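Thanks for coming. I will go through one model today, starting with a strand pair and ending with the salt bridges. Please look at the structure first.

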Amino acid sequence: MSSLAVSLALVGAAGVGQGLSREDQAAWSRIRESVVLVRSNTAPAVPAACIDARGYFIVSRAALGSSGLTASLDSGLVVPLVIRSVDEVTQLALLVPSVPVTARFRPAEPIRNALKPGAKLFAVLGDKPVRADVASLNRQGVVPPERRVLPLAEFRFEALPQHIAGALVFTNKGELVGIVNATLPASQSREKSVDAQALSAENRLWPPAQLGGGAIAENVMRQFGPGGLTVAYSVAPSVLGRVIEGFRSPTHKAAHPTLGVFCKDHPSGGAEIQSITAGSPAESAGLQVGDIIVGIAGTPVRNQIEFATVMFQQKVGSKVAIKVVRGGEAVDVIANVGSSQGAEPY
Amino acid sequence: MKHRYEDELIRLAFGELEGDAVEGARRLLASDPEARRVFESYARLADGLKGLEAPAHQLSTERLRERILRDGLKQRSGVPFWRLAWMPAAAGLVALAITAKLHSGAPAVPLSVDALPSSAIEGPQLDVRVPADPSSGATEAVAPDFSGRRPSILAHGQVHDTGARPSARGARSNEASGALAARGEAAVKVALRLEELEERARSFEAAVLEAAAGDNGDGLVIISLETDADTGARRAVEVPSASNVIVGG
């Protein structure tokens, strides 16, 4: 692939400056070939990661504007983009050019191997790269509007707040680790921040002189000096990989397993069904509102979070055994695992 | 006290019980001194939890309470040998008392357990006979009184001098030794029960401390549809408890 055929606007002016280590220079060179800055009429510019050589880009839906989406290439070409698909569960969107583009793109691959907490990463915030840390890859989060319980990755980095939405997080090998969907409020982020003295030089913002045009002004960097960490969340790499795989598919949709129920915890233990979506696998299996799910796929369920967590690990199209308590009596149910967003929606 | 009551008492101490369950627990407390004692122990711990000072997102008393209620008390890892010394020590006392009685004919010194809280005594299944009339040598059964969860044999002053005479000495000595043995057994039970209660209290406190130490702030993250004005990203909030959070699946 002629990956160097296109230099994107984001990194066009960001020449490799002095002072960067050879390793950092190489890492940034790999990352920048997969990133484009998307502008719109309604929201600040947000980075998007190329996931397919045909010009498919994945981006945070929450950070993306709604109209006038364009990506400016360093060749001067402005490429109009459209939202081809939105994954409601993760709030990630697929952007594709709305006109034929001859340029070739270098797709980033989602990280496949395990990433240890504390691993050093690069985050692309708007048009500025910074070092990032991963604090956890196994947080549990409830993501609207589907309110699914997803594994989240928690990242920490120093950055101008207005550049954080939709930030892309890469390894130094150019593997995509996460796309920032949400951030903790500043007050909670401060509580999680570490002592400024404990930060290594690698954790700090790259000096602007080393980045060129896209860098943060030095006075601003001082203003946001060590200690002002932002805590941000992305869906975990495993889920991100699933979404990318779905976006690359002919349907451009990711398949997330679902039964079509909403639950809350039950005081005596278990997940109490609050509502059932019409036509869902849950309805077909005979589940009822008020049923208390106490087991799924052979795993005891103590609350709704455990139910949702296990449910999200099921395979679309498979069957799952569910144990519920209905009117004080145990009832066993076998349900098909459906997909509300996938190629075979129920 | 039976263990099954403890869960209710824990929930009562932490304000978990509702409706009729509260009334039932109150009645239990009114009628059972041991239940009161255990309840007060948990209530103190509950108050201590409420008083813990820590950032809300890192340490939640509610989260601690949930974890404790979820995991329960840790299994006892075994009784240290020095605690088992109660048994031979008490047995030794009993033996000494019996020996003294047999050889001197003097009244046995009653083993007073009044110093021990009566609530700590779980009624042993005693069938002890003592002389009704010291002069006759006849015996009558002393019916254990479990209404107060305290056998009458253990009440101070209820153990009489047998007034042993040489003619009936042997038989009465046997009876007295039986009473003393029973008393000693009860004393041992009381002591072990106290030790057990103390051990359970320590286990509970250890569970609290472990929960606090293991709590690294990794609660559930709720992402809202609101946009953070500073970052432009969705607003995330860490919550210590997932109670009443509706999720899809």
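Start in chain A, where strand β19 (residues 319–326) and strand β20 (residues 329–336) run antiparallel and are joined by eight bridges. Strands here are DSSP runs of E of at least two residues, helices are runs of H or I of at least four, and both are numbered from the N terminus. Two strands count as paired if DSSP finds at least two bridges between them. Within this pair, A:K323 stands opposite A:D332 in β20(A). The two strands form a hairpin with two residues between them, and A:G327 in the turn has a positive phi of about 60 degrees.

A word on conventions. This is a predicted model, in which local features need pLDDT of at least 70 and side-chain atom pairs count only at pLDDT 80 or more, while totals for chains, interfaces and linings use all residues. Residues are numbered from 1 along each chain as its sequence is written, chains are lettered from A and ligands numbered from 1 in the order in which they are written, and side-chain values use heavy atoms, with hydrogens and water left out.

Chain A as a whole has eight helices and 21 strands. Of its 346 residues, 54% count as buried, where buried means under 20% relative accessible area, exposed means over 50%, and partly exposed is in between (1.4 Å probe, protein chains only). In chain A, 63% of the contacts between residues at least 6 apart in sequence join residues at least 24 apart; a contact means heavy atoms within 4.5 Å. A:R106 lies in the loop between β6 (92–97) and β7 (120–125) of chain A, and with a relative accessible area of 29% it is partly exposed.

Now the interface. How many residues does each chain give to the contact? Chain B gives 31 and chain A gives 43. The two chains bury about 3,000 Å² between them, 55% of it on carbon and sulfur atoms; buried area is the accessible area (1.4 Å probe) lost by two parts on being put together, summed over both. On the chain B side, B:I223, B:V247 and B:G249 lose the most area to chain A, together 22% of what that side buries.

Last, salt bridges, meaning a side-chain nitrogen of Lys or Arg within 4 Å of a carboxyl oxygen of Asp or Glu. The count over all chains is 12, and between chain B and chain A it is one. That one joins A:R139 to B:E238, with the closest N and O atoms 2.9 Å apart. Inside chain A, A:R156 and A:E154 meet at 2.8 Å, N to O, and A:E154 is buried at 1% relative accessible area. Inside chain B, B:R235 bridges to B:D228 at 3.9 Å. Of these two, B:R235 is partly exposed at 26%, whereas B:D228 is buried at 4%. Shared partners join A:R139, A:E154, A:R156 and B:E238 into one salt-bridge network.
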